[in-house]
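Have the sequence and the model side by side.

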Amino acid sequence: MPVIRFVREGLDVECYPGENLREVALRAGVELYGLKGKLGNCGGCGQCITCFVGVADDGADQTGPPALSARTAVEDRKLQGRPQNWRLACQALVERSLVVLTRPQLGGGQGDALLAAASLTPLPAGPIAWPAPPETPQAKEEESATADEAEPDGPSAGDTVR
Ligand code: FES
């Protein structure tokens, strides 16, 4: 399973293949946004251009599939003039392990150096910690019903049966 190394946060996070990078980051408590994005972001619609990330390994030098899904048309339009290894987290699906730098616009151009340094340590092989599935009201009801069914109607351990 893919492991995402968030360089700025010093965090390795596992996810399911095909998960949205923005959603994984937010679930893990990773701060994706700078001040502008914190004040108001589009919620993942690809419109606010505040969820930039820098990516160390986009699969270009690998023989396997790329780590992230291909750039979307929205990214092609919104990322014009930005470094080639920048992505919009809300538009990218994680296919295999990679190293990510959130808010790559910070740090005076040191982003690529940070990504390169973080890439020197191999990513752990998953699974390391599975994300908990989202809890739905239906799942809670089913769990409650299962617990009720487990209650024995007959004699309990301390009862005398004749
Ligand atoms: S969250 Fe707005 S562009 Fe990604």
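In what order do the 5 strands of the open sheet run? The order is 2-1-7-4-5, and the pairing is mixed. This is a predicted model: local features need pLDDT of at least 70, side-chain atom pairs count only at pLDDT 80 or more, and totals for chains, interfaces and linings use all residues. Residues are numbered from 1 along each chain as its sequence is written.

Strands here are DSSP runs of E with at least two residues, helices are runs of H or I with at least four, and both are numbered from the N terminus. Two strands pair if DSSP finds at least two bridges between them. Strand 2 (11-14) and strand 5 (86-88) are the edges; each has a single partner strand, so one side of each lacks a neighbour in the sheet. On average, neighbouring strands are turned by 35° against each other, direction ignored. Axes are lines fitted to C-alpha atoms, for helices over the stretch in contact, and angles run from 0 to 180 degrees between N-to-C directions.

Strand 4 (residues 52-55) pairs with strand 7 (residues 98-102) in the antiparallel sense, over 3 bridges. There, V53 has T102 of strand 7 as its bridge partner. Helix 4 (residues 111-119) packs on the sheet and touches strand 1 (3-6), strand 4 and strand 7. Its direction makes about 145° with that of strand 7. Contact means C-beta atoms, placed from the backbone, within 7 Å.

I4 touches V13, C15, V24, V94, L98 and V100, not counting residues up to four places away in sequence.

Methods:
Two residues are in contact if their C-beta atoms, placed from the backbone, lie within 7 Å.
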